[in-house]
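The sequence and structure come next.

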Amino acid sequence: MATVTDLLIVGGGINGAGIARDAVGRGLSVVLCEQGDLAGYTSSASTKLIHGGLRYLEYYEFRLVREALFERERLLNSAPHIIWPLRFILPYEKGIRPAWLVRLGLFLYDHLAPRKKLPGTETIKLTRHPAGQALKPGFDTAFVYSDCWVEDSRMVALNAIDAFEKGADIRVRTKLVSARRDGDVWVASLQNVETGETQDVRAKVIVNAGGPFVADVLNAKLGLNTKKNVRLVKGSHIVVPKLFDTKEAFILQNTDKRIVFAIPYQEKFTLIGTTDIPVEAVPDKKVTISDDEIQYLCNVVNHFFKKSVTPADVVWTYSGVRPLFDDGSSNASAVTRDYVFDMDAPQGQAPVLSIFGGKITTFRKLAEHALDELKTYFPTMKPAWTEDAKMPGGDMPDADFDRFFATVRQRWPFLPEQVAHRLARAYGTRIEELLGSAKALADLGEDFGAGLTAAEVDYLARREWARSAEDILWRRSKLGLHVPVDAAARIDAYLAKKNVASVAAQ
């Protein structure tokens, strides 16, 4: 009889990776399959914020905001290399929301959960603050509050790494073809999309963390129908040359009651987003931004900033489909960002737990709650453990990144400061394995541009399941904006050569 794993998790986004990490740490055996790359879809297409969701207060999502605010501090402590505090400037404009309502929302935001590291709200006069210099005349007052930045796709990778190191079987480029119940176990057919090889996996429980494909997994792969529906909403972002010099981000209120962020990005750029566009189905290939969305984001920014933006200024765009739980709201922006579980568990048969909704800020708590749902099936499962646990690379004294970075500069003084800072941010204390005993840049091998060396490419292929230049340049890092135009082809050729060499050595 083939071995039966406890959980087969379908989906390698933030929810799937987070559940895998939590589950294996509680003593469960785990197989995770992802048809593409980790964070290859929605989880790498976020606004890259760990935040409570200020605007969710307008829709009375107090539980979600409170939970997210608690998680904000926990995640900041667990991964200080890829998460850091960010102040947000909200210019006040009459006629959109009354000042008293904004102040009330920010008061709740400051007090719904305790803050240990993040400063509270303040009111500033833009005529006397450096941020005001970037804005058009007429914006006199602004509110300033705190949230956090996160390297979203790296957060997914770190969860997968932690899960793998604790014993999980992580299979990227592996899709679920179909699954059927065989009494109290699932028999699932998994296919490696690169080789075409298929393998059956027997599992006590399937966790459907397919994100925007959650309904497809249930209906097409498992042959089940759910009473719950997923609401698909496309969110798009644009990146333009830097609009302002302040280190703070801006949160901009639009006349349609939506908000748009303008965030310092990769030192030379400004990230602007997001849109909320309902879509009927998830396309096979990645979704892309429309001309109307680009113009919408340009229009919002141009209303506030002196430096105008046109579609011709856009250097990069990305879009993702958010799988929100369909709560019946007619307005896509008002659809709940909370998560909902759907358990299909006929008496005496293997269950499937499907995840609807969720956001990157609450992934850890979502994973904890998901495993609570499964306690009946695993009575010997260990207790929850992730609340105070460090992410790989995050185990630096007092979660103090600046102090850690000073040690990196001392240890590897040959690194240009900008490269050293990027590596410290990306890998935290795991930088030791990447750089090791290198004494000069030449020791790190070929430079593909922007400080991306063969040593780093090797590390990402060996430790983080990177298989292509796209994986490396746009998900494990955002160096795609900085490297020469031929870098992707050179990286793919290097990876192909390394793969041939490794096969020949076996």
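In this predicted model, Leu49 has Trp149 of strand β6 as its bridge partner. Trp149 of β6 is also the bridge partner of Trp84.

**Pairing of strand β6**

Strand β6 covers residues 141-150.

| Partner strand | Residues | Sense | Bridges to β6 | Example of a bridge pair |
|---|---|---|---|---|
| β3 | 49-50 | antiparallel | two bridges | Leu49 and Trp149 |
| β4 | 83-91 | antiparallel | nine bridges | Trp84 and Trp149 |
| β5 | 122-125 | antiparallel | four bridges | Glu122 and Val144 |

Is β6 buried or exposed? Buried means under 20% relative accessible area. By that cut-off, 10 of the 10 residues of β6 are buried, so the strand is largely enclosed by the rest of the structure.

**Nonpolar cores**

In soluble globular proteins, nonpolar side chains tend to be buried together. Here, the largest nonpolar core holds 49 residues. Within this core, the residues with the most contacts are Leu7, Ile9, Ile83, Met155 and Ile355. At least three core residues come from domain 1 (5-42 + 153-229 + 336-377), and at least three from domain 2 (72-149).

What does Ile9 contact, apart from neighbours within four places in sequence? Its contacts include Gly16, Ile19 and Ala20, then Val30, Val31, Leu32 and Cys33. Val207 and Ala209 are also in contact with Ile9.

Methods: Residues are numbered from 1 along each chain as its sequence is written. This is a predicted model: local features need pLDDT of at least 70, side-chain atom pairs count only at pLDDT 80 or more; totals for chains, interfaces and linings use all residues. Side-chain values use heavy atoms; hydrogens and water are left out. A nonpolar core is a set of buried Ala, Val, Leu, Ile, Met, Phe, Trp, Tyr and Cys residues joined through side-chain atoms within 4.5 Å. Buried means under 20% relative accessible area, exposed over 50%, partly exposed in between (1.4 Å probe, protein chains only). Domain bounds come from an automatic or database domain assignment. Contact means heavy atoms within 4.5 Å. Two strands pair if DSSP finds at least two bridges between them.
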